[in-house]
Amino acid sequence: MNLIERDKKHIWHPLTQHKLHPESKPIIKAKGALLYDEDGNAYIDAISSWYTAMYGHCNDFIIDRVYKQMQQLDQIIFSGFTHKPAIELSEKLMAILPNNQAKLMFNDNGSTSTEIGIKMALQYHHNTGNDRKTLLAFEEGFHGDTLGAMSVSGLSVYNGPFEAFFIDVKRVPLPNGENSSDILELIEKYHQETPLAGFIYEPLVQGAAGMKMYKAEYLNPILEKCKRLGIITIADEVMTGFGKTGSFFASDYVDIKPDVMCLSKALTAGLVPMGITTCTQEIYDAFYDDDISKGLFHAHTYSANPIACATAIAGIDLLTSEEIQSNIKEIESWHAAFSDAIKDHPKVRVTRQQGVIFALELDVEMERYGNLRYRIYEACMAEGVYLRPLGATIYILAPYVTTQDQMNQVYAAIKKILDTF
Ligand SMILES: *Cc1c(COP(=O)(O)O)cnc(C)c1O
């Protein structure tokens, strides 16, 4: 039996309706920006394997660090014990995070990082003697697939079976420069009806919603309002973190800094899973008490896994290097030039860019082009480019180590789709 047949025997893939898409493509090797299949065909990983492998796949610098760590300390319970990789990572992370962040809790993926953010907000109010059980979120946000994270994510057909079990969430639209006062009024109204505990948001770019972008200046009044009403602000930077927006974090562009931040994905550079939730001293202090039940009794078995910590440290060392910083600037300028070249194409409705994140919305009727997304995927793979459109939005979020030739190959594949679809 070949790999595809063996895969089909037992494996249930994520986000897959197996009756419609019974086969998954085996990838046997990855290096830098490239993925390789069984026949030796190479594909540019133009979305960095869901925005994780930003320094390139199987990066030698990271592998070397991780190999050394593996020989030293592999896994240890992080309740009662501590270790140098975790301590060093906490220091390196705090050095690049907005400077109101003071404490961090380790976990093991993006959903757990937002789940802890939500629990911090809810328990903060519980501990300080307030009764706040409702959360605030943007209409089309995405914060993960566990129950709490799913609750605060935008309503989706996929979540139907679970809606009865969701946390109570009020939703406001994304600010567009014209609806700011409406949003502020809505928040005020919701808060009068039932006090809001926390506001979770993807700063500047909503990933899963189709790389929807909005300006930092529109976020400021919303966050200001939340602060005034004692609503804990939770920045979900699982997608935007670690350089993608052109700065270390999207929150760097926003004047009002969040109380809580959620990190994962590029945190561990596409090598191993890890999540981290950070918070201000004020949040932490609300849990610091002689009363044991006021603590945040939350753990994941692999919290602060030393291998994952070593990976994250190596990742931050690369992110802060001159080489990667100059690559980010370069990719920004390539994207801007590509945007100029195609933005007036009749098939392009609009282009968007923030840092190395580039998105274009196709001007097509989705019904007429049913299954469009899958056809785009197939057409790009035939050109040696891996892209994963979101609805009618094609986006590029390629590794920082993508060469100009490779990026031109990605642009050419997209151009071909515009000209032939
Ligand atoms: C991917 C993502 C998550 C969930 O992370 P997982 O590791 O897939 O659980 C949460 N928030 C945002 C913004 C994401 O992009």
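Student: Which residues does Arg-388 touch, not counting residues up to four places away in sequence?

Tutor: This is a predicted model, in which local features need pLDDT of at least 70, side-chain atom pairs count only at pLDDT 80 or more, and totals for chains, interfaces and linings use all residues. Residues are numbered from 1 along each chain as its sequence is written, and side-chain values use heavy atoms, with hydrogens and water left out. Contact means heavy atoms within 4.5 Å. On that basis, Arg-388 touches Ile-47, Trp-50, Arg-373 and Tyr-395.

Student: Is Arg-388 buried, partly exposed or exposed?

Tutor: Buried means under 20% relative accessible area, exposed over 50%, and partly exposed in between (1.4 Å probe, protein chains only). Because its relative accessibility is 22%, Arg-388 counts as partly exposed.

Student: Which residues carry the UniProt feature "binding site"?

Tutor: UniProt positions are given in the numbering used here, feature names are shortened, and annotations may be inferred rather than shown by experiment. The unreviewed UniProt entry places this feature at Trp-50, Lys-265 and Arg-388.

Student: Which residues does Trp-50 touch, not counting residues up to four places away in sequence?

Tutor: Trp-50 lies in helix H2 (residues 48–51); helices are DSSP runs of H or I with at least four residues, and strands are runs of E with at least two, numbered from the N terminus. With residues up to four places away in sequence left aside, Trp-50 touches Leu-15, Lys-265, Arg-388 and Tyr-395.

Student: Where does Arg-388 lie?

Tutor: Arg-388 is one of the positions given the "binding site" feature by UniProt. Arg-388 lies in the loop between strand S15 (385–386) and strand S16 (393–396).
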